[in-house]
Amino acid sequence: MQSRCPLCNGYKVKSTTTFTADLGFGVVVVRHVPATVCEQCSAEWIDDDNAELLERIVLEAKNKQAMVEISEFSALEKLAS
């Protein structure tokens with residue numbers, strides 16, 4: 001049974017999204033992040049494990065003072081394991 005979106009009551013499906021973070025001095029972009037997405041309103045949810053990995057990537061970019069950090073999620077998963 002598919003779960004329903006709490007925002008619009010549409011159906012949530014497994015998909016991917018692009019995560020972005022504006023650091024003020026630069027940006028972090030991670031493409032193809034696994035997510036649950038509402039088919040109707042496009043609201044997105046990222047599970048806790050993936051969110052934790054994204055937080056580590058943002059922290060590393062802050063520490064490096066990177067102006068632009070662009071990654072593919074599948075490449076980050078390999079580094080984390």
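A residue is called buried when its relative accessible area is under 20%, exposed when over 50%, and partly exposed in between (1.4 Å probe, protein chains only). Val 68 is therefore exposed, with a relative accessible area of 54%.

The model is predicted: local features need pLDDT of at least 70, side-chain atom pairs count only at pLDDT 80 or more, and totals for chains, interfaces and linings use all residues. Residues are numbered from 1 along each chain as its sequence is written, and side-chain values use heavy atoms, with hydrogens and water left out.

**Overall architecture**

The protein contains two helices and four strands, in the order β-β-β-α-β-α along the sequence. Helices (H or I, at least four residues) and strands (E, at least two) are DSSP runs, numbered from the N terminus. Contact means heavy atoms within 4.5 Å.

| Property of the protein | Value |
|---|---|
| Box filled by C-alpha atoms, along the principal axes | roughly 45 × 30 × 15 Å |
| Buried share of the 81 residues | 32% |
| Contacts joining residues at least 24 apart, among those at least 6 apart in sequence | 52% |

**Strand β4**

Val 68 lies in strand β4, which spans residues 68-72. The covered face of β4 holds Glu 69 and Ser 71, whereas Val 68, Ile 70 and Glu 72 form the uncovered face. Strand β2 (residues 27-38) pairs with β4 in the parallel sense over five bridges; two strands pair if DSSP finds at least two bridges between them. Within β4, Ser 71 is the bridge partner of Val 30. The C-alpha atoms of Val 68 and Ser 42 are 26 Å apart, and these residues are separated by 26 residues along the chain.
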